[in-house]
Amino acid sequence: MDGAEPAVAAGTPRHFLDLAELDGATVAQLVDAADARARARAGRFKAAPDDDAPLDGAAVACLFAKPSTRTRVSFDLAVRQLGGAPLTLDRAGLQTGRGEPLDDTARVLSRYVDAITFRAHTHGDLETLAGASDVPVINALTDYSHPCQAIADMLTLKQRLGSLAGARIAWLGDGNNVAVSLVHAAVRLGASVRLAGPDDRMPDALFAWATAQGGDVARATSAEAAVDGAQAVYTDTWKSMGDEAVDLDAFAPYRVSEALMARAPEAVFLHCLPAYRGQEVDAAVLEGPQSAVWDQAENRLHAQKAILLHCFDRL
C-alpha cells in the first residue's frame, strides 16, 4: 500500500516534514501514541504534567511566521507536559524579519535547542530550515501541507469509528494543505477519500501520488456524491491564510449544510478551525450532534506529543 520510510543516517535529525515520507506502520504508531496520551490525560488538570516526563531537560523552539491558536497553544503545552521547555518565537521578532537567512537561523537555533517546530509561509522555507538544522524540525503548517493536523484528525476518527482501515472520508471545498495531509494519512492507514470542490482548486499531483501509492482517493462529481456513504465529512475555510482572494461563489455548492449531512446520518463532521459559520459550514452542523470539531481541536495536543516523541525517538 505504501513505500518504506527512507533510511535515516546516523546523526541525521529525525525531521517530521510530511506524512508522505513515512510508512504506514509509523503513521499508525503516531496515532496510537497520541491515543495513549489522550487516555492518560483523562480526568487530569489541564496544566498537569504527564507522569513520565520523557522530554525532561529538552528545549524546543516553536517558530511562527503565521498567526496561530491551536498549533501555538498545543505545542507549548505538549512540550511542557512532556517535561521540556518551550520557547515560542514569532519570526517577525527575530533577525529573519530583517533579512537574516533562514539557514543561518537554523544553525544558531540548533546550538541552543533540541528541536524546532516551524509554522512557515512556504514549504520551501521549511525545507531550508530543516536542511540547515542539526536538530529535528517539525512542520507546524506550510502552504503545502499540515501533517500535525492530520495526526489529530486520524486520532479523532479512531476515537469515533474504532478503526481507520476502510474508513470512507469526504472532503469538501478547497484542495488545500489540510486536504493534502489528510490524503497522505488516509493512504498510509488504508482509508479512502473522496474530494469535491472547484476544479481549479483540486491538487492533480496529489491524486497522482495517491494512485502511485495504491490509495483509494478520487475526485467526486459533486458534494452529494462525495458525502453519500461517507463515515466522516470534512471541510475547511475557503479563505486560507495568504490566499484570501478566492471566488466564494465557486465554493458555494460545497457548503456543508444540514441537508447535506442528512445524506450521511451516521457520519462524523470534522473541521480544523477556524470556522466561518454560514460560509463553508452551517452553524447547526458545526454545533450539532454529528460534530467532532472540539474533540478534534483538543486532539492537537495529544498529536503534538506523539510527534515530538517520534522526533526524539522516544515512542
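1. Let's start with helix H5: eleven of its 15 residues are buried, so H5 is largely enclosed by the rest of the structure. Buried here means under 20% relative accessible area, exposed means over 50%, and partly exposed is in between, with a 1.4 Å probe and protein chains only. The buried residues of H5 are Pro147, Cys148, Gln149, Ala150, Ile151, Ala152, Asp153, Met154, Leu155, Thr156 and Leu157.

2. Before going on, a word on what you are looking at. This is a predicted model, where local features need pLDDT of at least 70 and side-chain atom pairs count only at pLDDT 80 or more, while totals for chains, interfaces and linings use all residues. Residues are numbered from 1 along each chain as its sequence is written, and side-chain values use heavy atoms, with hydrogens and water left out.

3. How far can you trust it? pLDDT is the predictor's confidence in each residue, from 0 to 100. The chain averages a pLDDT of 94, and 96% of the residues score at least 70. Watch residues 1-9, though: pLDDT stays under 50 there, and the model has 21 contacts for them beyond four places in sequence. Contact means heavy atoms within 4.5 Å.

4. Back to H5, which covers residues 147-161. Helices (H or I, at least four residues) and strands (E, at least two) are DSSP runs, numbered from the N terminus. From first C-alpha to last, H5 reaches 21 Å, close to the 21 Å expected at 1.5 Å a residue; the expected span is 1.5 Å times one less than the number of residues. Just after H5, glycine 162 takes a positive phi of about 90°.

5. Next, strand E5 (residues 168-172), which is mostly covered, with four of its five residues buried. E5 pairs in the parallel sense with strand E6 (residues 192-196) over five bridges, and two strands pair if DSSP finds at least two bridges between them. Arginine 168 has serine 192 in E6 as its bridge partner. To get from E5 to E6 the chain passes through helix H6 (residues 177-189), and this β-α-β crossover is right-handed: with the strands pointing away from the viewer, the path from the first strand over the helix to the second runs clockwise. E5 is also joined to strand E8 (residues 232-235) by four bridges, again in parallel; there, isoleucine 169 has alanine 232 as its bridge partner.

6. Serine 145 is worth a look. You'll find serine 145 in the loop between strand E4 (137-139) and H5, and at 0% relative accessibility it counts as buried. The serine 145 side chain makes a polar contact of 2.5 Å with the side chain of aspartate 18 and one of 3.1 Å with that of asparagine 139. (A polar contact is a pair of N or O atoms within 3.5 Å; within protein, one must be able to donate a hydrogen and the other to accept it, and residues adjacent in sequence count only if both atoms are side-chain atoms.) Leaving aside neighbours within four places in sequence, the contacts of serine 145 include His123, Asn177, Val180 and Ser181.

7. Another serine to check is serine 74, in helix H2 (residues 70-81). Serine 74 is buried, with a relative accessible area of 5%. A polar atom of the serine 74 side chain lies 2.5 Å from the backbone oxygen of arginine 70, and a 3.1 Å polar contact joins the side chains of serine 74 and glutamine 304.

8. Lastly, threonine 69 sits in the loop between strand E1 (59-64) and H2. Threonine 69 counts as exposed, at 52% relative accessibility.
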